[in-house]
Each structure stands twice: as structure tokens, then as C-alpha cells.
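I opened this model to look up its cross-links, its helix and its aromatic pairs. My notes follow in the order I took them.

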Amino acid sequence: MFGDRRLTKHTIATIKVIDFDLCEMHCYNQPNCVSINFKVLPGSEGLHECELNNATHQSHDNDLQNKKGYVYKGAEGTCDRAVCENGGTCQRDCTDKGYHCVCPPGFTSAHCEQGNNNILAT
């Protein structure tokens with residue numbers, strides 16, 4: 001957990017919650033969520049901002065930015081050890097590996113390391 005830090009560029013949902021624990025629970029229930037950004041919003045009737053992220057600082061350290069008022073927490077899990085290349089995104093699942101890589105357009109294979117030469121230029 002990192003105080004005054006926020007993971008940027010990987011937010012998949014932003015919700016309002018009453019506390020940090022509820023933010024973590026929402027992440028646990030979202031299959032693509034592997035980390036959270038939490039921000040206390042003063043004067044917001046007890047609700048705070050919870051950002052669910054589909055990446056952690058382990059694989060995207062450059063996206064972990066200093067941001068006053070935020071708390072960042074990355075989940076430990078199978079995606080911490082996975083390497084999804086070429087901008088691929090790791091997602092937890094129930095396979096024997098415990099994860100799979102979602103490859104960006106033009107890339108295939110288990111870790112998105114193979115370019116797809118069959119894409120036609122338009």
C-alpha cells in the first residue's frame with residue numbers, strides 16, 4: 001500500500017464508497033480488478049472515491065504517480081508474475097496458470113509476444 005500515490009491509465013471503474021474496505025471488496029468482486037486507488041473526499045456526505053484498476057504497479061511502475069490525498073493498493077496475485085507483452089493486459093482466471101493475457105489488436109499467443117502478420121493494411 002502506498003500513501004499519496006495513484007496508478008494512472010488503468011482505471012476500469014470509478015465508484016463512491018463509504019470506506020477503504022468496501023473499495024477493496026468491489027475490486028475483489030470485479031474479475032478484471034487487480035488494484036485500487038482510494039481518495040477521501042471531504043464534505044461528500046461520507047462517500048469517497050474508489051478507482052478499480054486492471055493493472056498493478058508491478059507491471060506498470062511508470063504509471064504509479066505521486067498524487068496527494070490518494071492511497072494506492074495493488075493486489076498480490078498471479079498477475080504479479082505474469083508478463084503480458086506489447087501492451088497486453090493480465091486478467092485473473094480459473095485456469096491452471098491463474099491468469100490469461102488479453103492482447104491488443106495485432107498480437108496473439110499466451111503472452112501477446114507474437115505479432116499477427118495477417119492483418120491487412122487499410
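**Entry 1: disulfides**

I began with Cys 84 and Cys 101, which a disulfide joins at 2.1 Å from S to S. My criterion for a disulfide was a pair of cysteine sulfur atoms within 2.5 Å. The link of Cys 84 and Cys 101 is left-handed, with -80° about the S-S bond. Cys 84 sits in the loop between β5 (64–74) and β6 (89–92) and Cys 101 in strand β7 (residues 99–102), so the pair ties together parts 17 residues apart in sequence. I took helices (H or I, at least four residues) and strands (E, at least two) as DSSP runs, numbered from the N terminus.

Before going on I noted the ground rules. This is a predicted model, so local features need pLDDT of at least 70 and side-chain atom pairs count only at pLDDT 80 or more, while totals for chains, interfaces and linings use all residues. Residues are numbered from 1 along each chain as its sequence is written, and side-chain values use heavy atoms, with hydrogens and water left out.

Next I looked up burial. I used buried for under 20% relative accessible area, exposed for over 50% and partly exposed for in between (1.4 Å probe, protein chains only). Cys 84 counts as buried at 17% relative accessibility. Cys 101 is buried too, at 11%.

How many disulfides does the rule give? The count comes to four. I followed up two others.

Cys 23 and Cys 50 form one of them, with their sulfur atoms 2.0 Å apart. This link is right-handed, with 80° about the S-S bond. The pair links distant parts of the chain: Cys 23 is in helix α1 (residues 20–29) and Cys 50 in strand β4 (residues 48–53), 27 residues apart. Both Cys 23 and Cys 50 are buried.

Cys 103 and Cys 112 form another, with sulfur atoms 2.2 Å apart. I read -95° about the S-S bond here, and the link is left-handed. Are its two ends buried or exposed? Cys 103 is partly exposed, with a relative accessible area of 24%. Cys 112 is buried, at 0%.

**Entry 2: the helix**

Which residues of α1 are buried? I found Phe 20, Cys 23 and Cys 27. Seen down the axis of α1, these buried residues fall within an arc of 60°, so they line one face of the helix. The arc is that of the directions from the helix axis to the C-beta atoms. In general, an α-helix has 3.6 residues a turn, so residues three or four places apart point the same way.

On the other side of α1, I noted Asp 21, Tyr 28 and Asn 29 as exposed. What covers the buried residues of α1? The cover includes β2 (11–17), β3 (35–39), β4, β5 and β6. Contact here means heavy atoms within 4.5 Å.

I also checked the N-terminal end of α1. Asp 19 caps it: a side-chain oxygen lies 3.4 Å from the backbone nitrogen of Asp 21.

**Entry 3: aromatic pairs**

I counted two aromatic pairs in the structure. Rings of Phe, Tyr and Trp (its six-membered ring) pair if their centres lie within 6.5 Å; planes under 30 degrees apart count as stacked, over 60 as edge-to-face and the rest as tilted.

The rings of Phe 2 and Tyr 72 have centres 6.0 Å apart and planes at 25°, so this pair is stacked. Phe 2 lies in strand β1 (residues 2–7) and Tyr 72 in strand β5, so the pair ties together parts 70 residues apart in sequence. Phe 2 is partly exposed, with a relative accessible area of 30%. Tyr 72 is buried, at 0%.

Phe 20 and Phe 38 form an edge-to-face pair, 5.4 Å centre to centre with 80° between the planes. Phe 20 lies in helix α1 and Phe 38 in strand β3, so this pair ties together parts 18 residues apart in sequence. Both Phe 20 and Phe 38 are buried.

**Entry 4: the whole chain**

The protein has one helix and nine strands. From the N terminus on, the elements run β-β-α-β-β-β-β-β-β-β. Buried residues make up 32% of the 122 residues. Of the contacts with a separation of 6 or more, 53% come from residues 24 or more positions apart. The C-alpha atoms fill a box of roughly 55 × 35 × 25 Å, taken along the principal axes.

Notes: Polar contact = N/O pair within 3.5 Å; in protein donor to acceptor, adjacent residues only side chain to side chain.
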